[in-house]
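Good morning, everyone, and thank you for making time. Please have a look at the chain on the screen, and I will then walk you through a few parts of it.

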Amino acid sequence: MLTQSEQSDAILREAMERSGQRFTAQRAAVFRFLHVTDTHPTADDVYRNVRADLPGISLGTVYKSLETLVGCGLARKLASGNSSARYDGRMDPHYHARCLECGRLRDVPAPVKPESVVDVPVVMDGFAVTELRLEVVGYCDGCRPD
């Protein structure tokens, strides 16, 4: 039976081969971290965590690894207005909730039913819709005003 690290590495190897990219220890460390976290980390967060396993890794390598993972369909880059982009290793359809006070981003634990949220035509003025993203914005329990 494969360990969680071995399973992550196998998924990464297959995706890298499909896209003509090389499997590297740096990409593997970044992917392993994204694969097990639900915190939607920034690149800096990933860098701080991955350095524990790969002390020689640079922030630039982490950024490049994250963009490679996004390009290969193994991660999502979540733009967040005027703050740093965050990354999500969870690739199944799901929504996010963002706290207006602390900026924490978390997964919404509800099934994704976009048709119940908004009626989006399949094609809008020659634009083919392939995905609908929804972000719920408000206050987390720790920041909610009284």
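I will begin with the chain as a whole and then turn to some of its helices and loops.

What we have here is a predicted model, in which local features need pLDDT of at least 70 and side-chain atom pairs count only at pLDDT 80 or more, while totals for chains, interfaces and linings use all residues. Residues are numbered from 1 along each chain as its sequence is written, and side-chain values use heavy atoms, with hydrogens and water left out.

The chain holds five helices and seven strands, where helices (H or I, at least four residues) and strands (E, at least two) are DSSP runs numbered from the N terminus. Read from the N terminus, the order of these elements is α-α-α-α-β-β-β-β-α-β-β-β. Of the 146 residues, 32% count as buried, and here buried means under 20% relative accessible area, exposed means over 50%, and partly exposed lies in between, with a 1.4 Å probe and protein chains only.

Let us turn to helix 3, which covers residues 43-50 and whose buried residues are Ala43, Val46, Tyr47 and Val50. They lie on the same side of helix 3, because they cover an arc of only 100° around the axis, the arc being that of the directions from the helix axis to the C-beta atoms. In general, an α-helix has 3.6 residues a turn, so residues three or four places apart point the same way. What do the buried residues of helix 3 pack against? They pack against helix 2 (25-36), helix 4 (59-71) and strand 2 (83-88), with contact meaning heavy atoms within 4.5 Å.

Next comes threonine 24, which sits in the loop between helix 1 (4-19) and helix 2. Threonine 24 is buried, with a relative accessible area of 14%, and its side chain reaches the backbone nitrogen of arginine 27 at 3.1 Å.

My last stop is arginine 104, in the loop between strand 3 (96-99) and strand 4 (105-107). Is arginine 104 buried or partly exposed? With 45% relative accessibility, arginine 104 counts as partly exposed. If we leave out residues up to four places away in sequence, arginine 104 touches Ala97, Arg98 and Cys99. Arginine 104 and threonine 39 are 65 residues apart in sequence, and their C-alpha atoms are 8.0 Å apart in space.

Terms used:
A polar contact is a pair of N or O atoms within 3.5 Å; within protein, one must be able to donate a hydrogen and the other to accept it, and residues adjacent in sequence count only if both atoms are side-chain atoms.
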